[in-house]
Protein chains: 2
Amino acid sequence: MSKQSGRPPTLEDVAARAGVSRALVSIVIRGVPGASEATRQRVLETAEELGYRPDGRARLLAAGRSRLIGVTLALNNPFHSDVTEGIYAAAEACGYQVVLSAVTGRRAPERAVETLLDYRCEAAILLGPLVARQALQELAQRLPVVVVGQPSHAPAADVVRVSDADGVGLAVDHLRCLGHRLIAHVDGGRSAGAAQRRAAFRAAHRRHGLPGQPHVVAGGPGEEDGATAARRLVSDGLPTAVLAYNDACAVGLLDMFVRLGVSVPRQVSVVGYDDSPVGRLSYRRLTTVSQDGHQLASLAVQRLVSRLAGSAPAERQLLVRPALVLRGTTAEPAGGRP
Amino acid sequence: MSKQSGRPPTLEDVAARAGVSRALVSIVIRGVPGASEATRQRVLETAEELGYRPDGRARLLAAGRSRLIGVTLALNNPFHSDVTEGIYAAAEACGYQVVLSAVTGRRAPERAVETLLDYRCEAAILLGPLVARQALQELAQRLPVVVVGQPSHAPAADVVRVSDADGVGLAVDHLRCLGHRLIAHVDGGRSAGAAQRRAAFRAAHRRHGLPGQPHVVAGGPGEEDGATAARRLVSDGLPTAVLAYNDACAVGLLDMFVRLGVSVPRQVSVVGYDDSPVGRLSYRRLTTVSQDGHQLASLAVQRLVSRLAGSAPAERQLLVRPALVLRGTTAEPAGGRP
DNA sequence: CTCAGCAGCTAGAGCGCTCTAGGCCACTCA
DNA sequence: TGAGTGGCCTAGAGCGCTCTAGCTGCTGAG
């Protein structure tokens, strides 16, 4: 790759130097049939020599399609990172490029989506906080949209997510198996999927015929929320097990329990949700429900690609079965199995 | 914004409907002078009516420049998230767009940089793990590059970062003021900037005339590394204060100390570096050295813009003074001030 | 010998924009 | 009266690609 003095080399430059037409270079670069092996070699060598890289913009513009999949995500969210990594891999395997658009405190989801539209993405995957129902529906009517990891409120959008009923069910079954009967749920408040998990918890509670009303404690999506819930649980009387909305929340619970002198899992078992890195640390070893981000990503991309090809199923929702990852924060309740 | 049946509307469509030329619509949309107020209004209304959005790609292609700033970053890194948020704001204020390219376990920095090149970014900000020295130098010769938050090994690249000497100095001064004399540093191993902070710690140790050799413990950039170091410190004998490589590492120390029954700050004071959200949690209240991500971002963007304008200073390194954020993990040593 | 068939190549028309050069029409001023 | 001025607008040539249509020259069948 030799350094160019001026602007980057174009197809034209390569064509001139190799003594062929622009079109032929294009054919070679794209790797489509229509050139002899000899010419192909020669063109490729010339391109290499000039340090040629196709101009994405021009390419997309000319091709009339962008082969671009847009992704909105919250930075600094382990689950999103995981899914995004999977999207990169899956998209590239299908010949698509990925363009990221971050949602932050100062950058609303609407703004993030607009950026994707400006790039003329052919399809979008939404991970982060969602735009309003109406806007989402409009977006989904323009291009194929998959919402990952949370239910969507727009009928035109696809959804790929882990079944909360299954995930929560798995966790509660596990705790019941160990002998727990006093199980509390620290919920996610108004976070994505929190309502579903809450409902799933109530259903599991009923299904197992546990005593009393399902014990749902106000929580939230962050460590702080978990910590607050832990304080409340300790002062109001501990259950024997707690199922948290997500891993961050569970970690907050865990860390606060430690500080309050509550022993996990001896006095109380804790189960998280997400299988994120913070829970995997050696000194936490959080038992958790795993959502396979790579699998979700790959399914989302597949779904988009088939929508673009017009061959997608009518069913919009794709539910994936989660797995329970058993680690060190669950055990039989203190008094042994009743 | 009315829904289009087919492809998105173009300048041409707006022009036809408004009864003016394409060029004039372009003028209005770009907001440059050259149209009467009346026409401007009419065109704007028509554009709105059709739901017109300029095609970024075509725009950039035609303009001959992209007004694009590329950013490579590690997802799920609080410092990077913070800086990225700042970059969005600063870039948009200067009329630049931002394109993100993630570096992940499966996506090497080289790949991330290539993507930026394909987008024909005019300049790049590198946050994540860096490409090799040679590649970085080549990149920086092609376009203005700013490395944020860590020293770069390529003479052609700009660097914007917090002065490690100042940051570490601030932390050690604070501990000395409280009366600490046995201060250890849990380092970052081979992480970005770790060597600088290590050296700064040794220098501060010398400057304060502290007894013995500077006590540097092998650490790393994550919680796990901090936790491991904590175990070692406890078994080898505690200092009265520890300065960690970064907040994640400090949090690992903190959480392991709690689990080992070591009281912070009563038995040992802990200082972090980065001021990331995990340290701000109410039950940790980590004293830390703050790198103002937004400020770094804004300086980086400014530097790029002036490089592009050909008016940048010859000095490539821009050192920012950090601040010490006093919270709850530092106090006088157990025996009081000696 | 003719002619279809085909591999290998090229010309040229876009894709949706920007931007330069220039046209047209008051209006002003010598 | 006519040249000059300035505001508003348009034509048209790209930007770097892709892609269709068509043009070669070489086979091999009829």
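How many helices and how many strands make up the secondary structure of chain A?

**View 1. Chain A of the predicted model, by its secondary structure.** Chain A has 13 helices and twelve strands. Both are DSSP runs, numbered from the N terminus: helices are H or I with at least four residues, strands E with at least two. The radius of gyration, taken over C-alpha atoms, is 25 Å for chain A, well over the 20 Å that the globule rule gives for 338 residues, so chain A is more spread out than a compact globule. That rule is 2.2 Å times the number of residues to the power 0.38. The C-alpha atoms fill a box of roughly 85 × 40 × 35 Å along the principal axes.

**View 2. Buried residues in chain A.** Of its 338 residues, 49% count as buried. Buried means that 20 or more other C-beta atoms, placed from the backbone, lie within 10 Å of the residue's own.

**View 3. Helices H5(B) and H13(B) packed together.** H5 spans residues 78–93 of chain B, and H13 spans residues 293–308 of chain B. Their axes, lines fitted to C-alpha atoms over the stretch in contact, lie 7 Å apart at an angle of about 45 degrees.

**Notes.** Residues are numbered from 1 along each chain as its sequence is written, and chains are lettered from A and ligands numbered from 1 in the order in which they are written. In this predicted model, local features need pLDDT of at least 70 and side-chain atom pairs count only at pLDDT 80 or more, while totals for chains, interfaces and linings use all residues.

Conventions. A residue is buried if 20 or more other C-beta atoms lie within 10 Å of its own, exposed if 12 or fewer, and partly exposed in between; C-beta atoms are placed from the backbone. Axes are lines fitted to C-alpha atoms, for helices over the stretch in contact, and angles run from 0 to 180 degrees between N-to-C directions.
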